[in-house]
Amino acid sequence: MATELRLKELSKKDMLLTSGHRMCSGCGAPIIVKMVLLASEYPIIAANATGCLEVSTCISDYTAWKIPWIHNAFENAAATISGVETMYRALKKQGKIDKEIKFIAFGGDGGTYDIGFQSLSGAMERGHDMIYICYDNGAYMNTGIQRSSATPFGADTTTCPAGSVIPGKPQNRKNLTKIMAAHNIPYAAQASPSHWLDLMKKVRKALEIKGPKFLNIISPCNRGWRSRTDDAIQLSRLAVETCYWPLYEIEDGVTKITVTPKEKKPIADFLKPQGRFKHLFAPENEWMLKKIQEDIDKEWAGLQKCSAAEEKKLE
Amino acid sequence: MGKIVAATGNEAVAEALRQVNPDVSSAYPITPATDIMQRFTSFVSNGKVKTEMILVESEHSAMSGCIGASAAGGRVMTATSSQGLALMWEELFIASGTRLPIVMALVNRALSAPLNIHGDHSDGMGARDCGWIQLWSENAQEAYDNTIQAFRIAEHMDIRLPAMVCLDGFIVSHSIERIEYLEDEKVRNFAGEFKQLNPLLDLEHPVSYGPLILTDYYMEYRRAQDEVMSKVPQVVLDVAKDFEKISGRKYGLFETYRLDDAEIGLVILNSAAGTSKDVIDEFRNRGIKAGLLKPRLYRPFPYKEIGEALKGLKAVCVLDRADAFGGSYGPLFIDIASSLYPYKDKPILINKIYGLGGRDYMPAHAEQALSELVEAAKTGKIKQIKEYIGVRE
Ligand SMILES: Cc1ncc(C[n+]2csc(CCOP(=O)(O)OP(=O)(O)O)c2C)c(N)n1
Ligand code: SF4
């Protein structure tokens, strides 16, 4: 059983991703990685897909990772960690290694929802004992904010720029959390760095479960979201409070909302501070805002219906 | 003593892999290599090896899994062909650039389009500059012997590079031949214990694999990789010497057949060398000094040694089982021409493209090439440098 998370205990632990990494200030991704590594009571070996997190944390002779870490390519963090985890099992069986080690793959939404989807799906089906964590900032940020299949409807990106004929991304985002759960893996969940306790509890819980686990974590990117550098936590909180990014988990097929907002805020509260949605507030695009709200309401109602559990009230 | 068997090339490679007993293998099926992994996984299922399998959803993931497993710190192998190798292309560079001693059997097959599953060297040639060591094999015996040696070469502490063992699809992979297998014990001792180098699983010394390297150091890394490659031929020769001790079979960087006093010669890779040798014997019987050179270590290419071996001939025909688009000569021809480039007096060179997509290579084709060389040696003239043979006009 996972032990309870206590701030006092956590404050004594080492940060396993050092400061001095070169991600943009105010980026959500390193905060998430620090939370994940802090939550673990086991030694972790991590794989990282190509993307912002990878290119910024391990340049030339410097690495920000205090744990064993491997970057292979863009689309294969899941397959790469499969290899590492399999060698671990092989050597353990042969008596050459006896430590309990856990394996985590980190990928951005592009490297997870799109190009890495096949290798992720394959790794989940094979049942490797690992957690795959997607830090979802909703676009290909490292190459300059191109749309991915995680980009929300209506967002302005460099490959679906909001123009006079096409007002931003015309399609809805892919619901990857549900797709991963449909692999019948023992654990899939959504988390947000604004709700650190919920996030870390989910990591701790996932680490205790044998087999493939998937965590989708919203990761604000001030460059791509066209937002202020100091509002990553505020924005991810709004994502939860507007039910744009519901916090829930699917454990052994049972869906449970882990955080229910006290008062569900309108989606405009989440969209307004972000420059990528600026055009949605023009009068001619009112229909888009309306559609986004309707979609969220529908999703949230469906999730609530699914959720079998008592819901924790947001403090 | 070992045992003499009748087996296919794929069976022989699978047998070598069983004897070496790697820690992890990750694989995806493709004709004509599938059979290797089918046989191997039955060894796994029946407890004949300790290997953990990762049966992935694509070749890209197969090589990705091999890379993860190899970086973790253990002995790793896989097998593929054609489209499978093409899908791995990105990962081939990452395996070699990361210096991971993965061993892969490449059962040579043509590339699409048009779709063709038969023997052809286009796949191996496409991967020749990916930083992998390439050993090519004439028959099942050589494929078996090369596979065993490949682990020692790849895992050598001065090298730590991935190695691929090439054998011809169907012609060797699926034909039954006489093969001498070594005893399990001998192979196990020859391969030795896998030695780790900066394993990811070492928690006391955490390492980061796969950094971003910008303009400041990238060139230095690439040059270092080239330097490592330059050490490969000597290691190949040393390993061959040790292998001779346990097998009685001699291997070098390339094989020469009746080449020492030859005036004309063929250069050819893999299975077609056998047919060519027979025809060379016929020409020798007729008093014509013909010989053959068959590269074994194709990457890194031993330019100097091969140039030395061929420079004294009057005329040489390089036979390629792969074409190169863009009006180019065949890939082997280009390498042979480069190896002769430094010499002032060098043989006349011609290039024949043969056997694409599994088209038979017949004694008549070798005869045609040799007869042309006889003429060229006599007159100093050739009709054309590159020509397709065995093709319907
Ligand atoms: C096969 C391949 N295609 C494209 C790229 C270029 N590329 C590198 S990172 C990246 C975007 C990464 O986006 P995402 O996964 O969302 O992570 P983020 O940068 O947003 O953190 C792309 C397209 C690549 N490295 N490899
Ligand atoms: S571009 Fe965005 S995701 Fe990338 S480091 Fe900067 S803030 Fe983070």
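Tutor: Strand β4 of chain A and strand β9 (residues 208-209) of chain B pair in the parallel sense over two bridges; strands are DSSP runs of E of at least two residues, numbered from the N terminus, and two of them pair if DSSP finds at least two bridges between them. Within β9(B), S208(B) is the bridge partner of W69(A). The model is predicted, so that local features need pLDDT of at least 70 and side-chain atom pairs count only at pLDDT 80 or more, while totals for chains, interfaces and linings use all residues. Residues are numbered from 1 along each chain as its sequence is written, chains are lettered from A in the order in which they are written, and side-chain values use heavy atoms, leaving out hydrogens and water.

In the interface as a whole, 43 residues of chain A are in contact (heavy atoms within 4.5 Å) with 44 residues of chain B. About 3200 Å² is buried between the two chains, 61% of it from carbon and sulfur atoms; this is the accessible area (1.4 Å probe) that two parts lose on being put together, summed over both.

Across the interface of chain A and chain B there are five salt bridges, each a side-chain nitrogen of Lys or Arg within 4 Å of a carboxyl oxygen of Asp or Glu. K96(A) forms a salt bridge with E193(B), where the closest N and O atoms are 3.9 Å apart.

How values were computed
Helices (H or I, at least four residues) and strands (E, at least two) are DSSP runs, numbered from the N terminus.
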